[in-house]
Amino acid sequence: MNAVAQSSRFSRRAVLKGGVITVAFAFSGSINEILAQSATSARPVDPKEVDGFIAINADGTVTLYCGKVDLGQGLRVAIPQIAAEELGIGLDKINYFEGDTALTPDQGRTSGSNGIQRGGMQIRQAAATARKALIELASKHLNASPVDLVVADGMVKPTTGGAGASFSDLLAGKQFNLKLDAKAPLKNPASYSIVGKPLPRPDVPAKCTGRHVYMHDFALPSMLHGRVIRPPAVGAKLIAVDESSVKALNGVKIVQIKDFLAIVAEDEWTAIRAARTLKAQWSEWAGLPEQSKLITTLRAGPFYGDEILVNKGDTGATLPLDAKTLIASYFWPMQSHASLGPSCAVADVRADSATIWTASQGTHGNRGTFARFLGLPREKVRLIYVEGSGCYGMNGHEDAAADAAILSQAVERPVRVQWSREDEHGWDPKGPPQLLDMSGAVDASGNILNWRADMWIPQTTKGMPDIPLLAPEAAGLDDVRGLNPGLISQNGDPPYAATRVQVVAHWLKDTPLRPAPLRSPGKPANCFAVESFIDELAAAAGLDPVEFRLRGLKDPRGIEVIKRMAALMKWQSRPSPSSEQGSAIAYGRGIAYVHYKHSETYVAMGMDVAVERGSGRINVERVVCAHDCGQIINPDGVRAQVEGSILQTLSRVLKEEVKFDRSRVLNVDWSTYPILTFSEAPKLEIELIDRPTEPPLGAGEAACAGVGAALGNAVFDAIGARLRVVPFTPDRVRMALSGRPS
Amino acid sequence: MPSYNIRVNGVARTVDSLDPHQPLLFVLREIGLKAAKFGCGLGQCGACNVLIDGRVTQSCSTPIDGVQGKSITTLEGLGSASVPHPIQAAFIKEQVPQCGYCTSGMIMSATALLASKPKPTEAEIRSALDGNLCRCGTHVRVVRAVLAVSGQGG
């Protein structure tokens, strides 16, 4: 156990001197430390066992094993904060491992904003169970009643003072051998000294000084550099390869397995040149739908069927005579993860085992997939997480890992695969397009009547263990089949009182390109439609948008975020659109409110915008957000996640749409798939509401959901025209201004 | 194999490359300086930014034969975690990076800006960083860090 602890990529060195910041512990992750971790043998990883998560070391430190991984969202400090607090030990005594199938429990993919609310709470319960056991051991050891003992600084001590016993003395080299006890008492939040503090993230100093080892920087001594040549059309088959085309390049080897075509070389630049130079002939393929008719295509199916997701309220009610009925369609396009660094992985596949270093958000979940296509027993396949360029669901990381694994198996050497920009934009799994038809009515008093939302969305294939990968499919190897866009049907019903609410999913059998969960799967589109349509109803009733929402809302936490947001905005109560519509530049403000998945984080968002009538350009001047995710573990971490959620989703709303012809993705670089720039980033004002006695909820994506509606509502307030199609390009704004539907 | 003499972070080096068009980025990464990142290879994202004779340059689009005799600074050359450069210290204090893949390029752009303009306005900072893309959404913290290090912190 100690050998493992010493090889942790965390160290307890004081990192920054000179008083810039006090860092309790640091994460450096040198290549040697990753290699040392990779050389350790497997340990029990049962998520039901305390020993799966926690090991007490002889030197007084504790090693934590976390199945959830840090993608830059700060779990590397937040999870140790939770465990250190609950155990009763200093944060400086924690060693930490993440996302290694041989060392860390399977806590599921790091997705759905559940790193803290599920993963962290498992670890909290493991730590509470461990603390209870340590107190019981100390009770015997010190001959004292458990109620007279306290745990602090890694010691169990009598409350009356006197000698205590250290964790390592009490456990004496043994394991806990305990199941997680759901009834183990948790610490009273009023006594917290570590949870709730804005402690710095341990990887930040290394990231700011160029010492953090990313997946892209990891290397094995004897590895080759691989590049996969993807076909010019999504479904094209390989007909012929001209091997002579790369003869001039030293040491290049071509690997062809059915339609999987790749090269390997001793150095990276040669690999890049070979991939560019290699000539291959592919079949024609034009199986994608026509993009200009995508909405018609979605309505046409084919479908698995319709599912009534929500059906409540008074079915027999007739509309009052003064009711105004509205209908509107909203569309959210297909979008890319657009990770800043193209995906990368290293694999070392031997005759009887495989080790894969990957930035995957789900190392455990992919183990079976890799074992299947490599033809190895599951227990002989190890995936080790190494942080990559930011990923927001599932980008190309897993595909790059599959590329590397298949190549390593083929050439019997370790192989590193680095995707190109064109690979990443062209082939990362996409957030699928979503179409929503909304209908509803409002009476003269502002009551919502007969709400209905119809969603045209792809259905997740039932029973699919994980997401299909490109390389095994191309190579004709065993691969899963189906779609997994994530849980994209939530939040279609309004969080406000309505006489009747129906939400219907028209489950599509397919979607233009391979889908995957993209940050806050489905909710940015659904909340764009729901909260824009609420604004349409408020405008039809001639009511202020904040007041309209508050009158239909009963949840006190929801009411509080809206009121706090309105106070921060200095919200002037009046109906939209604004009566003061400027000539050249029109100014407006908008709101959106989201209770994430109707059960998680509460977010109210307000925006101030300026719209240039001539150009159609939208300038977002300020975004205000009140955010209640229950108990806050690390306020600065939550704040960073809320900032990122807002800015990334603003980018998606203002600029992003995957363009394709019948064969392939067309916008495969940053000039054709632009994202938000510094000059376009608005001022952010964020208010975090901490509720220490409530369960902690996810903070990584809830603030994404309302961005489209808050912006669309602000634009409507400014110019009196409604944007119902994302992205809000200047062309679309001009069309809306001219009264044409977008 | 043709060789090239360059200064990297103050140290004279001779590096070999079979291809005069090999981008500086890959040469730097081969000699173990991996702070500069491959983002696009097209000069569009700024993740590979380094300083060449003090000017911020995209190393993914700079061939090795174009930097013969020149002086190159990478993020590693500015400072370390124990002795950070003031800009690095400001980025650490503001807890700027999330994934941090773009951070190296951001700090290099900010370094060049502050060398030519010690007290830039917020608009000048944003403009100087428009060639650096960030997908995690750390923009406001980057601007705050650059304002702080130029003595204009709030």
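Two residues are taken to be in contact if their C-beta atoms, placed from the backbone, lie within 7 Å. In this predicted model, the contact between chain A and chain B draws 49 residues from chain B and 49 residues from chain A. On the side of chain B that touches chain A, the elements giving two or more residues are helix 2 (75–78), helix 3 (86–93), helix 4 (103–116), helix 5 (122–128) and helix 6 (139–149) of chain B. The greatest contribution to this side comes from helix 3 of chain B, with five residues. By residue class, the side of chain B that touches chain A comprises 23 nonpolar, 18 polar and eight charged residues.

Within chain A, helix 16 (residues 556–569) consists of 14 residues. The distance from its first C-alpha to its last is 20 Å, close to the 20 Å expected at 1.5 Å a residue. The buried residues of helix 16 of chain A are G558(A), V561(A), I562(A), M565(A), A566(A) and M569(A). These residues lie on the same side of helix 16 of chain A because they cover an arc of only 130 degrees around the axis. Packing of the buried residues of helix 16 of chain A involves helix 15 (545–551), strand 23 (585–595), strand 24 (602–612), strand 25 (618–628) and strand 26 (683–689) of chain A. The exposed residues P556(A) and A567(A) are carried on the face of helix 16 of chain A that is turned away from its buried side. After helix 16 of chain A comes K570(A), which has a positive phi, near 55 degrees.

Notes:
Residues numbered from 1 in each chain as written. Chains lettered and ligands numbered in written order. Predicted model: local features only at pLDDT ≥ 70, side-chain atom pairs only at ≥ 80, totals over all residues. Helix = DSSP H or I, 4+ residues; strand = E, 2+ residues; numbered from the N terminus. Expected span 1.5 Å × (residues − 1). Buried ≥ 20, exposed ≤ 12 C-beta atoms within 10 Å, placed from the backbone. Arc of directions from axis to C-beta. Nonpolar A, V, L, I, M, F, W, Y, C, P; charged D, E, K, R; others polar.
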